[in-house]
Structures are given as C-alpha cells and as structure tokens.
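Please consult the sequence and the structure below.

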Amino acid sequence: MATSRKLRAFKNWMKSQHVECSDALDVVVTTNSSAVSVRALCDLNVGDLVATIPKESCLTVKTSGARQMIEESELEGILALAVVIMYERSLGPLSPWFGYLQLIPYSEPIPLLWSLSQIDSLLAGTELHKIVKDDKALIYEDWKECIEPLLTSVSLQLKAEHFGVKEYLAAKSLIASRSFEIDDYHGCGMVPLADLYMCCLNY
C-alpha cells in the first residue's frame with residue numbers, strides 16, 4: 001500500500017530529525033482507509049510524555065528555506081506560513097520536510113475549498129453561506145496582492161504551478177486544521193507528528 005510506504009518514510013524522517021514518539025503510542029494506517037492515525041497501546045494519564053519534537057523539525061517561517069524571500073516581502077502570520085508550505089512542496093524530495101509533507105494530505109475538506117456552486121447548494125440558508133463566500137474572496141485578494149508578485153520576480157524564479165490560488169487554498173486548509181502556535185520566535189507552524197494527534201481528534 002502506498003500509504004504504508006509513506007508512513008515508513010515518515011518514521012525514518014522522524015528519526016533523522018530526532019522526533020521521538022512514546023512507546024505507548026503507535027502511528028498506523030487506519031484499517032480500510034488510507035488515513036494515518038495515532039493509536040494508544042495502553043492507558044495514558046494527564047502529564048504523560050507522548051512525544052519529543054525539536055522546534056528545528058517544525059515547519060515555520062524561521063526554519064524554511066523561504067525565510068529570506070518571505071521576510072524581504074514583509075509577509076507575516078498565516079499568509080507567510082502558507083507560502084512556506086507551498087515553497088517546501090515545490091522542492092519535492094529536495095525539501096528537508098519531504099518525509100513529512102508526503103505523508104499528510106494535499107488539503108483538508110473544509111468549506112473554503114468548495115466550489116461556489118457547492119457553497120450555494122450546501123450552505124444556503126445558513127450563517128456560513130455568506131461568511132465562506134466572503135472569506136474565499138478575501139483569500140483571493142490576499143493571493144493577488146501578496147503572492148502573485150512573487151511569481152513575477154526574476155530573481156526568485158518560482159514556478160507558478162506551485163503557487164497558484166488552488167495551492168494557496170490547499171495550504172490554508174492544512175494550517176486551519178493542523179497548525180500550532182509554537183512560541184514567540186517561530187510563531188505559527190506545522191508540527192510533524194503532533195498534527196496527527198489533532199487529526200485523530202478531528203475525525
């Protein structure tokens with residue numbers, strides 16, 4: 001199974017990054033599914049150490065190869081982290097986070113990724129209907145104002161297929177469902193392994 005191979009690659013990546021998972025837990029491919037989940041092998045108590053994750057292994061603006069580009073462009077917050085995810089994904093196997101990024105889904109199924117027709121048919125009559133449509137419009141404006149100019153920079157040589165609106169929305173969906181506030185220095189970031197616990201709670 002492809003997911004099993006990806007999980008093995010992720011576990012090897014964790015070792016290389018000194019990410020440690022408690023023996024009380026097991027990261028597995030869910031039966032009859034391609035999803036990856038974390039399973040407790042015994043009862044856990046409040047205060048038990050379940051993982052040790054160095055901050056250097058977290059994907060943030062400060063640790064990414066896109067740091068200089070982002071800081072020179074004065075991008076901040078969630079928008080900056082979305083650029084980080086798109087940038088590292090664009091590198092493929094050359095990214096230091098490839099072992100992690102190849103395991104997690106391309107995007108999460110949140111309403112922001114729905115088409116306008118889906119939003120109209122599924123959210124009509126709810127408070128979310130206008131909110132989601134407005135948010136999609138604002139996200140496109142953010143992309144147009146802050147990310148599209150990066151694609152026109154000759155010095156950066158970014159490939160447009162990795163930094164389009166679709167890719168930006170996908171990155172935003174991952175941040176919305178998986179990111180953590182790490183500390184004052186790193187800010188918000190993706191925390192490998194820990195985000196699998198969150199997805200177990202979400203699903």
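Which residue just after H1 takes a positive phi? His18 does, with a phi of about 60 degrees.

## Basis of the model

The model is predicted: local features need pLDDT of at least 70, side-chain atom pairs count only at pLDDT 80 or more, and totals for chains, interfaces and linings use all residues. Residues are numbered from 1 along each chain as its sequence is written, and side-chain values use heavy atoms, with hydrogens and water left out.

## Helix H1

H1 comprises 15 residues, 2-16; helices are DSSP runs of H or I of at least four residues, numbered from the N terminus. From first to last C-alpha, H1 reaches 21 Å, close to the 21 Å expected at 1.5 Å a residue (1.5 Å times one less than the number of residues).

Thr3, Leu7, Phe10, Trp13 and Met14 are buried in H1 (under 20% relative accessible area, with exposed over 50% and partly exposed in between; 1.4 Å probe, protein chains only). Seen down the axis of H1, the buried residues fall within an arc of 120 degrees, so they line one face of the helix; the arc is that of the directions from the helix axis to the C-beta atoms. Arg5 and Lys15, on the other side of H1, are exposed.

## Nonpolar core

The largest nonpolar core has 51 residues, and Phe10, Ile70, Val83 and Leu193 have the most contacts inside it. Such a core is a set of buried Ala, Val, Leu, Ile, Met, Phe, Trp, Tyr and Cys residues joined through side-chain atoms within 4.5 Å.

## Cysteines

The whole structure contains zero disulfides (pairs of cysteine sulfur atoms within 2.5 Å). Cys188 is buried, and its sulfur lies 11 Å from the closest cysteine sulfur, in Cys58, too far for a bond.

Note on methods
Helix = DSSP H or I, 4+ residues; strand = E, 2+ residues; numbered from the N terminus.
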